[in-house]
Amino acid sequence: PIILGIETSCDETSVALLKGKHEILSDIIISQIDIHKIFGGVVPEVASRKHIDFLYKITKEVFQKANIKYDDIDAIAVTYGPGLVGSLLMGLNFAKSLSFSLNKPLIGVNHLMGHIYANFLAFKDLKPPFIVLLVSGGHTMIIHAKDYMDFEIIGKTRDDAAGEAFDKVSKMMNTGYPGGPVIDRLAKMGKNIYKFPKPLYNNGYDFSFSGLKTSVLYFLKEHSQANIEDIACSFQESLIDTLVHKVVKYSNDSGVKKVVIAGGVAANSLLRSKFDGIKNINIYYPNLKYCTDNAAMIARAGYEKFIRNQFSDLNLDAIPNLGLKEL
Ligand code: ATP
Ligand code: MG
Ligand code: FE
């Protein structure tokens with residue numbers, strides 16, 4: 001089948017055409033970062049309006065690039081949650097109008113499942129069971145993927161998500177938005193000389209990053225002359241080491257040796273190099289382009305529902321706090 005994927009859960013507007021399991025015929029991702037960074041974070045109202053601006057235009061473009069007709073698609077897969085309600089509704093209503101007018105089935109996709117499925121685009125032979133470390137702007141979880149659509153949540157954050165902690169620390173240091181890529185870059189020029197806390201390090205599989213964030217805040221207040229690269233490096237080391245430590249522990253406890261990383265923080269270079277250095281774990285992460293929000297991953301997750309005949313009604317609603325188990 002050919003599946004049109006649509007993603008508008010936050011501040012990326014993206015459309016993709018996926019043929020079969022792996023072949024991305026064309027895809028476009030428009031990031032609104034330049035618009036939102038003036039405000040130091042995503043402004044929901046602005047994000048929704050920009051989605052309307054971009055959706056029609058880039059949808060036309062992906063069909064032109066792929067050189068296929070609207071009628072050549074077999075289904076329309078769209079993110080229906082989790083995310084910002086206004087943003088979600090833009091993509092969802094656009095997808096519904098297309099579904100209605102082209103008479104093609106609609107498939108509602110869970111954005112988190114999309115992030116996990118970005119790995120199936122990169123690794124054609126990847127099969128469950130595996131462990132997922134889902135680390136994004138809004139989520140941080142260790143998941144045991146027992147089958148293609150059977151996810152058990154092993155641990156999650158009790159407060160801030162990993163990406164959120166990166167974004168907030170960068171905001172405190174006045175180094176820009178989004179914070180993940182900025183801190184990743186600064187850290188490469190710094191040294192790990194400050195000992196920031198590693199919350200819940202030897203305590204189960206849950207995470208907690210708000211204390212780490214606050215301790216960086218106090219440190220900044222007390223040491224206004226401290227080197228920003230060293231702070232970035234030390235903060236990143238605490239956070240990433242905690243993530244890796246818990247995943248390795250779960251891998252040892254469960255005996256599952258395949259570990260799949262998903263979500264925007266999967267782009268982090270320290271995370272990647274730490275996992276690469278661990279023997280007897282096979283590590284997978286999406287191509288850099290497909291770590292953060294994109295429609296190709298939504299189309300890929302949509303494919304999995306398509307082959308199972310899991311279609312949605314045209315009254316499908318946006319669910320801002322959709323959980324991973326609600327597929
Ligand atoms: P969710 O998927 O939970 O709804 P989201 O869609 O906003 O949230 P993503 O698009 O998956 O999140 O990822 C964005 C996050 O990834 C941001 O918090 C950003 O700072 C972070 N990020 C991106 N690149 C890096 C990097 N190199 N290192 C660390 N964090 C990164
Ligand atoms: Mg984004
Ligand atoms: Fe996301």
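Phe-54 is partly exposed, because 19 other C-beta atoms lie within 10 Å. The scale works like this: a residue is buried if 20 or more other C-beta atoms lie within 10 Å of its own, exposed if 12 or fewer, and partly exposed in between, with C-beta atoms placed from the backbone. This is a predicted model, where local features need pLDDT of at least 70 and side-chain atom pairs count only at pLDDT 80 or more, while totals for chains, interfaces and linings use all residues. Residues are numbered from 1 along each chain as its sequence is written, and chains are lettered from A and ligands numbered from 1 in the order in which they are written.

You will find Phe-54 in helix H2. Helices (H or I, at least four residues) and strands (E, at least two) are DSSP runs, numbered from the N terminus. Leaving aside neighbours within four places in sequence, Phe-54 is in contact with Thr-13 and Ile-30; two residues are in contact if their C-beta atoms, placed from the backbone, lie within 7 Å. For a sense of distance, look at Ile-183, which is 129 residues from Phe-54 along the chain: their C-alpha atoms are separated by 29 Å.

## The whole chain

A compact globule of 327 residues would have a radius of gyration near 20 Å, and the chain has 20 Å, so the two agree. That radius is taken over C-alpha atoms, and the globule rule is 2.2 Å times the number of residues to the power 0.38. Along the principal axes, the C-alpha atoms fill a box of roughly 60 × 45 × 30 Å.

Buried residues make up 48% of the 327 residues. Among contacts with a separation of 6 or more, 74% are between residues 24 or more positions apart.

One open sheet has 5 strands in the order E3-E2-E1-E4-E5, with mixed pairing. Two strands pair if DSSP finds at least two bridges between them. Strand E3 (23–31) and strand E5 (106–110) stand at the edges with a single partner strand each, so one side of each has no neighbour in the sheet. On average, neighbouring strands here are turned by 20° against each other, direction ignored. Axes are lines fitted to C-alpha atoms, for helices over the stretch in contact, and angles run from 0 to 180 degrees between N-to-C directions. Helix H2 (residues 44–66) packs on this sheet, touching strand E2 (12–19) and E3, and its direction makes about 25° with that of E2. Helix H3 (residues 85–102) lies across E1, E4 and E5, at about 155° to E4.

How do the strands join up? E1 and E2 run antiparallel, joined by 6 bridges, and they form a hairpin with 4 residues between them. Glu-7 has Ser-14 in E2 as its bridge partner. E2 and E3 are also paired in the antiparallel sense, over 8 bridges, with Ala-16 partnered by Asp-27 in E3. Their hairpin has 3 residues between the strands, and Gly-20 there takes a positive phi near 60°. By contrast, strand E1 (residues 2–7) and strand E4 (residues 75–81) pair in the parallel sense over 4 bridges, and Ile-6 stands opposite Val-78 in E4. In E2, 7 of the 8 residues are buried, so this strand is largely enclosed by the rest of the structure.

## Another five-stranded sheet

Another open sheet has 5 strands in the order E8-E7-E6-E9-E10, again with mixed pairing. Its edge strands are strand E8 (150–156) and strand E10 (282–284), each pairing on one side only. The twist averages 25° from one strand to the next.

Strand E9 (residues 258–262) and E10 pair in the parallel sense over 3 bridges, and Val-260 stands opposite Tyr-284 in E10. Helix H8 (residues 228–254) lies across strand E6 (130–135), strand E7 (140–147), E8 and E9, running at about 160° to E6.

## Around ligand 1

Which residues are closest to ligand 1? They are Gly-137, Gly-138, Gly-163, Gly-180 and Gly-264, in a shell of 26 residues. A residue counts as near a molecule or strand if its C-beta atom, placed from the backbone, lies within 6 Å of it. Helix H4 (111–122), helix H5 (162–173) and helix H6 (179–187) each supply at least two residues of the shell.

By class, the shell has 7 nonpolar, 15 polar and 4 charged residues. Here Ala, Val, Leu, Ile, Met, Phe, Trp, Tyr, Cys and Pro count as nonpolar, Asp, Glu, Lys and Arg as charged, and the others, Gly among them, as polar.
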